[in-house]
Amino acid sequence: MASTAAGKQRIPKVAKVKNKAPAEVQITAEQLLREAKERELELLPPPPKQKITDEEELNDYKLKKRKGFEDNIRKNRTVISNWIKYAQWEESLKEVQRARSIYERALDVDHRNITLWLKYAEMEMKNRQVNHSRNIWDRAITILPRVNAFWYKYTYMEEMLGNVAGCRQVFERWMEWEPEEQAWHSYINFELRYKEVEKARLIYEKFVIVHPEVKNWIKYAHFEEKHGYIAHGRKVFERAVEFFGEEYVDEHLYVAFARFEEKQKEFERVRVVYKYALDRIPKQKAQELFKNYTMFEKKFGDRRGIEDVIVSKRRFQYEEEVKANPHNYDAWFDYLRLVESDADPDGVREVYERAIANIPPIQEKRHWRRYIYLWINYALYEELEVKDPERTRQVYQACLELIPHKKFTFAKMWLLYAQFEIRQKNLQGARRGLGTAIGKSPKNKLFKGYIELELQLREFDRCRKLYEKYLEYSPENCTTWIKFAELETILGDIDRARGIFELAIGQPRLDMPEVLWKSYIDFEIEQEEYDNTRELYKRLLQRTQHVKVWVSYAQFELSIDSVDRLQKCRQIYEEANKGLRSCEEKEERLMLLESWRDFEQEFGSLTTRERVRKLLPEKVKRRRKLTAEDGSDAGWEEYYDYIFPEDTANQPNLKLLAMAKMWKKKQEQEEEKDDEEMEEGQEESGEDQEKSGEDQEKESDEDQQDKETEKDKEMEESPLAGPSKGRGSPPAEPSEENGYDDRDDEQESSSETDSSSSDSDQDEKKKKEEKKRSDSEDD
């Protein structure tokens with residue numbers, strides 16, 4: 001037991017964690033590592049320095065180091081840094097052959113490692129192994145020809161060795177691979193260092209073909225300029241412009257070309273270059289070009305040159321706008337205005353032809369309104385500026401053929417064409433054109449223009465025929481009838497003019513009949529045919545009872561110089577007043593009465609004035625109910641109404657309202673008197689306290705009975721009192737349910753005229769009160 005117990009190992013007790021909650025301060029792995037770094041817990045002490053005293057110790061040291069390097073390489077052959085450290089250690093011991101062997105072994109592992117090749121070649125160059133270095137560079141550029149570092153190092157080594165031919169040969173091999181731009185510049189600079197300008201030019205020729213960019217062409221031209229070959233430099237710029245063409249044009253090329261010519265004092269060439277460029281480069285890509293052109297003109301040009309710059313800039317702007325939207329006719333107008341101010345006729349015609357070629361896609365007149373002015377401006381330019389009538393005629397004819405006359409037309413275009421033919425003394429052509437217009441698509445403006453033309457030519461028979469055609473086309477046009485009648489009046493044919501007016505007023509449909517009737521009446525007045533005028537007024541009043549017709553009729557009678565003109569005028573006013581009684585528009589009747597009143601104030605007597613004054617209405621404020629669109633109640637609205645004294649329909653309501661107000665007034669007066677009597681009765685009872693209570697009761701009963709009898713009599717006399725109403729019950733106020741209309745206090749003035757009917761009632765009341773007082777005094 002003891003042995004077994006002794007053989008057993010004692011297992012330490014594991015402390016039980018009672019509180020498993022997280023600690024208040026938590027420590028992360030990052031904190032642990034940072035503390036270890038700060039305390040330098042893992043730093044090992046440096047190995048002791050070893051001094052080698054003999055060759056045996058040196059060999060042991062070399063063997064140990066080589067074994068360590070080989071072990072590292074054996075562990076991971078792909079880590080090139082181990083190979084490089086191994087080779088550099090061998091190189092430090094002057095073991096070049098061993099180092100070369102290590103590099104070769106490393107190249108067998110990874111021959112595409114650039115650093116390995118560079119270290120290998122640098123080692124050979126350090127040890128002045130030129131042939132070995134050339135061999136390594138040849139191998140490197142053969143295996144990795146796209147690594148520019150190998151080429152740069154190789155050419156630099158050859159140039160440092162003074163092997164110019166060999167260096168050039170390396171460059172030539174490099175250029176066969178068409179490297180980046182910097183490689184070409186290195187080759188060019190190499191040739192320039194040895195004053196080989198011609199060879200540098202040949203390199204530039206290949207360079208701009210391999211890298212055809214604008215900046216390279218500019219460098220080529222600057223190279224020629226720098227070495228004094230001005231003609232060659234200009235030729236290079238011209239070749240560049242031709243090479244890029246219009247598709248890949250760049251403003252920087254033209255700016256450089258212009259500056260080149262500016263340095264050579266070739267200012268006209270500069271202008272040509274700028275204008276050539278501005279004609280071909282879009283506006284948004286030519287900002288720098290415009291800026292330089294403007295600066296050049298300010299320095300070396302005149303006012304005309306500066307204006308040309310501005311015009312060119314605006315021209316490009318308009319070109320861009322019309323290219324973006326060919327149907328933007330406003331942009332075309334601005335562009336044409338600019339071109340007309342500074343361009344030859346052929347250039348202007350070209351722009352006009354481009355503009356009119358953009359026909360509106362939809363055949364609706366609203367889309368053609370702006371477009372048609374392009375044709376008008378084109379024709380006017382040809383006629384006024386170029387003075388080419390034949391081409392102007394062709395423009396008008398082409399435009400008129402283009403317009404779809406079956407859907408719509410433009411009378412302005414026909415009239416302009418006719419006026420142009422008249423200016424060219426081609427009257428038959430003008431008439432033919434207007435006749436064609438009326439035949440294809442008649443319009444009011446066409447007829448008016450054609451008639452005006454014939455009137456100017458004093459061709460009255462043609463005017464009559466045109467008026468007839470015009471009235472056949474539009475018989476409801478009152479203006480045409482009036483103009484036709486005026487023409488006949490001017491020509492002295494009164495009967496014909498009267499016949500035209502008669503035909504006009506007999507038309508079933510007219511657009512402005514009041515104007516036509518007024519013109520007919522004025523015509524008869526002008527001819528002093530007053531009977532015909534009266535007949536016309538009567539005929540017109542049969543058709544309409546408008547107040548202005550009546551007033552005009554009365555003023556006409558007043559204007560005639562006759563003995564009974566006032567009587568006739570007054571008679572017309574009376575007839576008008578009778579005729580307008582049934583009119584719903586009370587304002588018109590009021591207008592008539594006011595005109596009548598003004599007439600009587602000027603020409604009438606006191607009697608007639610008073611008569612008209614009594615006919616004037618009373619202005620009353622009323623209310624009416626408003627209804628919203630959805631049928632709901634929208635409140636009340638106040639408005640003014642006119643009540644005429646002659647309207648018998650309104651008299652019962654007015655009299656009833658006046659009587660109700662008088663009754664209410666009497667009630668208030670009686671209540672005041674009752675209060676006074678009660679006060680007097682109290683004073684008398686204080687003086688007669690000695691009398692018995694029975695007598696007082698009898699007296700009070702008698703007084704109360706007398707008062708009740710008086711009130712009953714008054715209620716019987718009142719027109720609104722009913723059998724069911726008591727002593728103090730007021731009459732029903734007028735409302736819409738009772739058949740009354742609301743009236744303002746202004747109506748009281750009209751109702752007070754009936755107050756005289758209640759005077760007798762007041763007298764009887766006073767007699768009763770006096771009798772009552774005398775009886776009380778006797779008691």
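1. Lys-195 lies in the loop that joins α10 (181-193) to α11 (197-210). Helices here are DSSP runs of H or I with at least four residues, strands are runs of E with at least two, and both are numbered from the N terminus. Lys-195 counts as exposed because its relative accessibility is 71%. The cut-offs are as follows: buried is under 20% relative accessible area, exposed is over 50%, and partly exposed is in between, with a 1.4 Å probe and protein chains only. The phi of Lys-195 is near 60°, a positive value in a residue other than glycine. For context, most residues other than glycine have a negative phi.

2. The model is predicted, so local features need pLDDT of at least 70 and side-chain atom pairs count only at pLDDT 80 or more, whereas totals for chains, interfaces and linings use all residues. Residues are numbered from 1 along each chain as its sequence is written, and side-chain values use heavy atoms, with hydrogens and water left out.

3. For the protein chain as a whole, the secondary structure amounts to 38 helices and 2 strands. The chain has 779 residues, of which 35% count as buried. Its accessible surface is about 50200 Å², and carbon and sulfur atoms hold 48% of that area. These areas come from the Shrake-Rupley method with a 1.4 Å probe; for residues, only the protein chains shown count as cover. Among contacts with a separation of 6 or more, 50% join residues 24 or more positions apart. A contact means heavy atoms within 4.5 Å.

4. Arg-458 sits in the loop between α25 (444-456) and α26 (460-473). With 58% relative accessibility, Arg-458 counts as exposed.

5. Two packed helices are described by the angle between their axes and the distance between the axes. Helix α5 (residues 96-109) packs with helix α6 (residues 114-126) at an angle of about 160°, and their axes are 11 Å apart. Axes are lines fitted to C-alpha atoms, for helices over the stretch in contact, and angles run from 0 to 180 degrees between N-to-C directions. The two helices α5 and α6 are therefore roughly antiparallel; this term applies to angles over 145 degrees, while under 35 is roughly parallel, 65 to 115 is roughly perpendicular and the rest is oblique. The crossing of α5 and α6 is left-handed, meaning that the near helix is turned anticlockwise from the far one by less than a right angle. Residues of α5 in the contact include Tyr-103 and Leu-107, and those of α6 include Trp-117 and Met-123. By class, the contact of α5 with α6 has 9 nonpolar, no polar and 4 charged residues. Ala, Val, Leu, Ile, Met, Phe, Trp, Tyr, Cys and Pro count as nonpolar, Asp, Glu, Lys and Arg as charged, and the others, Gly among them, as polar.

6. Helix α14 (residues 251-263) and helix α15 (residues 267-278) have axes that come within 8 Å and cross at roughly 170°. Helices α14 and α15 are therefore roughly antiparallel to each other. The contact of α14 with α15 has, by class, 9 nonpolar, no polar and 3 charged residues.

7. Helix α22 (residues 389-402) and helix α23 (residues 411-423) cross at roughly 155°, and their axes come within 11 Å. The crossing of α22 and α23 is left-handed. Among the residues that meet are Tyr-396 and Leu-400 in α22, and Trp-414 and Phe-420 in α23. By class, this contact of α22 with α23 has 9 nonpolar, 2 polar and 2 charged residues.

8. The loop between α22 and α23 holds Phe-410, which counts as buried at 9% relative accessibility. Leaving aside neighbours within four places in sequence, Phe-410 is in contact with Lys-365, Trp-368, Arg-369, Ile-372 and Ile-403. Phe-410 and Trp-368 are 42 residues apart in sequence and 9.5 Å apart in space, C-alpha to C-alpha.

9. Tyr-335, in helix α18 (residues 329-341), counts as buried at 2% relative accessibility. Apart from neighbours within four places in sequence, Tyr-335 is in contact with residues including Tyr-318, Val-351 and Arg-354.
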